[in-house]
Amino acid sequence: MTQTATNTETRVIGIASGKGGVGKTTFAINLATYHALKGRKVLIFDADIGLGNIHIALRNKLNGNLVDVLEGRKEIQDILVESETGISIISGGNGLDESLSLNNENTNNIIRAFAALENQFDIMIVDISAGASQSVLHFLSACHHQIVIGTNEPSSVADAYALIKLMHLNLGLSDIIFIPNKVVTKQEGSILFEKMNTITAKFLGVALNFIGSISESSDYSLAWNKGKAAISMGETTTCYHDFAAIVDAIDKISINPKSGEIQFFNPTK
Ligand SMILES: Nc1ncnc2c1ncn2[C@@H]1O[C@H](COP(=O)(O)OP(=O)(O)O)[C@@H](O)[C@H]1O
Ligand SMILES: [Mg+2]
């Protein structure tokens, strides 16, 4: 795998969901693998504090986590581990909740710690906890793009709406991307997107951004069991095509850092 060093700005994509188990981590790993296959330098920040499993999915052994960095035992470079496919991983740690509460100050310190990795990656994918807690919203506001993953179940739709509402009201975010996951047909994906978009338009005046949907496929769990991403099973698979279309669409969105908010790789704002 040849990956070139980069001096360009790192595009930071936050992946969130209202409800757990809808496919955030699966999405993060496949998105990351697609970029790595294209020769881009990719970093995943596993910010699903307490339930972080990126390293398990990619069969990596961690070398500490952000708690070690915040408590001064390690530098962020020391906890960076690399998967077989060349994806770098930073773990938020599983004990962060207990040993160090995720208040605004600690969340800001985590975001600031990434400054030491500036200009080293083309893309950073942040796999965020489910729900709409303060730290979830904080991490989301520090990313360039916000993706909400949802499935076609009433609880997923209700919880995605609750999250999007707070992203809009508390953070003033627009251009929120909603990606329907586990859809049986592309038509089901479009209908689910329209359903979400209609609700957010009606009650919040928010228009969601559509960049595609992800089809249901047993390849995701098959690949997971082998410590791989489904898209690495080949360019002819539905998984590969779904991610190719989504990456293509994300690449076309320009990076517009918001002023006034602390952001990954731009901690001075
Ligand atoms: N498009 C999909 N098709 C089939 N199964 C999927 C799909 N996306 C995710 N899954 C499965 O759903 C389960 C939960 O996914 P996961 O990525 O761990 O969710 P989250 O990170 O949101 O909790 C896993 O078993 C995963 O293999
Ligand atoms: Mg997860």
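What follows is a short chat about labels in this predicted model.

Visitor: Let's start with the ligand. Which residues are the closest to ligand 1?

Guide: Gly 21, Lys 24, Thr 26, Asn 181 and Lys 182 are the closest, and 14 residues surround ligand 1 in total.

Visitor: What makes the pairing of Lys 24 and ligand 1 a polar contact?

Guide: A polar backbone atom of Lys 24 is 2.8 Å from an oxygen atom of ligand 1. The cut-off for a pair of N or O atoms is 3.5 Å, so this pair qualifies. Thr 25 also has a polar backbone atom 2.9 Å from an oxygen atom of ligand 1. With Asn 181, a polar side-chain atom lies 2.9 Å from a nitrogen atom of ligand 1. As for cover, ligand 1 taken alone exposes 560 Å², and the protein buries 79% of that.

Visitor: Which helix gives the most to the shell around ligand 1?

Guide: That's α1, with 3 residues. Both α1 (24-37) and α10 (219-225) supply at least two residues each. By kind, the shell splits into 3 nonpolar, 8 polar and 3 charged residues.

Visitor: Why is Asn 119 called partly exposed?

Guide: Its relative accessibility is 32%. Buried means under 20% and exposed means over 50%, so Asn 119 falls in between and is partly exposed. You'll find Asn 119 in the loop between α6 (104-113) and β5 (123-128). Its phi is near 65 degrees, a positive value in a residue other than glycine.

Visitor: And Asp 175: how do you know whether it is exposed or buried?

Guide: Asp 175 has 56% relative accessibility, and exposed means over 50%, so Asp 175 counts as exposed. Asp 175 is in the loop between α8 and β7 (177-180). Here too phi is positive, about 60 degrees, although Asp 175 is not a glycine.

Visitor: Now the inside. Which residues touch the most other members of the largest nonpolar core?

Guide: Phe 45, Phe 114 and Phe 264 do, in a core of 47 residues. Helix α8 (residues 154-169) gives the most to this core, with 6 residues.

Visitor: What makes Phe 114 a contact partner of Leu 43?

Guide: Contact means heavy atoms within 4.5 Å, so Phe 114 and Leu 43 have heavy atoms within that cut-off. Leaving aside neighbours within four places in sequence, the partners of Phe 114 also include Phe 45, Leu 66, Ile 76 and Phe 264. A second, separate core has 38 residues, among them Ala 28, Val 81, Ile 123 and Ile 147.

Conventions. Residues are numbered from 1 along each chain as its sequence is written. Chains are lettered from A and ligands numbered from 1 in the order in which they are written. This is a predicted model: local features need pLDDT of at least 70, side-chain atom pairs count only at pLDDT 80 or more; totals for chains, interfaces and linings use all residues. Side-chain values use heavy atoms; hydrogens and water are left out. A residue is near a molecule or strand if one of its heavy atoms lies within 4 Å of it. A polar contact is a pair of N or O atoms within 3.5 Å; within protein, one must be able to donate a hydrogen and the other to accept it, and residues adjacent in sequence count only if both atoms are side-chain atoms. Accessible areas come from the Shrake-Rupley method with a 1.4 Å probe; for residues, only the protein chains shown count as cover. Helices (H or I, at least four residues) and strands (E, at least two) are DSSP runs, numbered from the N terminus. Ala, Val, Leu, Ile, Met, Phe, Trp, Tyr, Cys and Pro count as nonpolar, Asp, Glu, Lys and Arg as charged, and the others, Gly among them, as polar. A nonpolar core is a set of buried Ala, Val, Leu, Ile, Met, Phe, Trp, Tyr and Cys residues joined through side-chain atoms within 4.5 Å. Buried means under 20% relative accessible area, exposed over 50%, partly exposed in between (1.4 Å probe, protein chains only).
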